[in-house]
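Good morning, and thank you for coming. Today I would like to walk you through one protein model, beginning with the whole chain and ending with a few particular residues.

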Amino acid sequence: MEASATSKLLVSDIASSVDHVPSNYVRPISDRPNLSKIETSGDSIPMIDLQELHGSNRADVIYQIKNHGVPEKTIERMMTVAREFFRQPESERVKHYSADTKKTTRLSTSFNVGSEKVSNWRDFLRLHCLPIEDFISEWPSSPVSFREVTAEYATSVRALVLVLLEAISESLGLAKDSVSNTLGKHGQHMALNYYPPCPQPDLTFGLPGHKDPNLITALLQDEVSGLQVFKDGKWIAVHPVPNTFIVNVGDQMQVISNDKYKSVLQRAVVNSDKERISIPTFYCPSLDAVVGPQQELINEEEESHAVYRSFTYAEYYEKFWDRALATESCIDLFKASKT
């Protein structure tokens, strides 16, 4: 059965026909999920009411967000159309398949099939979506509502992210448009992640431990658990709360804030019973934007040196995909040289 399974491009077309995990998905024993040792988030991942941003709590905003301004109907329609996309026949889905990480609209599997050593139990549709009019004609036209629903969702989430960027900027003691102004023309990508049921979820990951390379990520989850974050020395399961977003700080925010904000270490585990869908929106600098620590956060006299050198986001993004999650982050490659 494994021989026929390996001829499929996507894990969702393997999952229903196997009773064990094919060998290329099996993690070394030292790098397995260890699911019995996971704690649940409880109160350790704060739930923030976005309306509190107008008060004194702006610096605290990180993680789960409610009252975020994205209409509940918009969220429902996005999750529905994502599920409909992945439930289409294989022949329809694979029209969008590509292993080229530079393609701006593509369906693929795992993470980077061209360079990784172990596969991940995930299929994903990745879309660039800013400005929408530049990319919408590349997006899938089936299901028929896909483009309209996704465009509406992407626009709403961008508005949320821009509010968050102002809050983070002010929490750093900067003008509220300071972070936004470092991003060039801005960039926004989305992924529709599909994690099919897995016969041996203790042997593999949906995605292994990693940090997002972008600036900030707003993650929408369905009702199935799978996200875990590394906090206080241990992995914590972040169970979905309806109509909320998980907000992760990514590597570019760590650079711009000169280490005052730290990129979040996260991973996705799978289960044997239920499919899971998550939809992260990755907000980032445009590829030609030059990223580095904000000047106001550098004070050589007070020993606040620049931790990172300046670089274009294109340079960082290429390195991220090439390394294929071999390490949690590639941020250390961009540290400033010590004088």
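This is a predicted model: local features need pLDDT of at least 70, side-chain atom pairs count only at pLDDT 80 or more; totals for chains, interfaces and linings use all residues.

The protein contains eight helices and 15 strands. Its C-alpha trace spans about 65 × 45 × 40 Å along the principal axes. A compact globule of 339 residues would have a radius of gyration near 20 Å, and the protein, at 20 Å, agrees with that. Buried residues account for 56% of the chain. Of the contacts with a separation of 6 or more, 74% join residues 24 or more positions apart.

Turning to charge, there are 35 positive and 45 negative side chains, and the centres of these two sets lie 3 Å apart.

Next, the domain. An unreviewed UniProt entry places the feature "domain: Fe2OG dioxygenase" at residues 185–285. Over this stretch the chain is 45% strand and 6% helix, and its end C-alpha atoms are 7 Å apart.

Finally, the backbone. Where are the cis peptide bonds that I wish to show you? One joins Leu 130 and Pro 131, with omega about -10°, and Pro 131 lies in the loop between β5 and α5. Another joins Ser 142 and Pro 143, with omega about 5°; Pro 143 sits in the loop between α5 and α6.

Consider also Asn 67, whose phi is positive, near 50°. Asn 67 belongs to the loop between β3 and α3. Its relative accessible area is 43%, so Asn 67 is partly exposed.

Definitions and conventions:
Residues are numbered from 1 along each chain as its sequence is written. Side-chain values use heavy atoms; hydrogens and water are left out. Helices (H or I, at least four residues) and strands (E, at least two) are DSSP runs, numbered from the N terminus. The radius of gyration is taken over C-alpha atoms; the globule rule is 2.2 Å times the number of residues to the power 0.38. Buried means under 20% relative accessible area, exposed over 50%, partly exposed in between (1.4 Å probe, protein chains only). Contact means heavy atoms within 4.5 Å. Lys and Arg count as positive and Asp and Glu as negative; His and the chain ends are not counted. The place of a charge is taken as NZ of Lys, CZ of Arg, CG of Asp or CD of Glu. UniProt positions are given in the numbering used here, feature names are shortened, and annotations may be inferred rather than shown by experiment.
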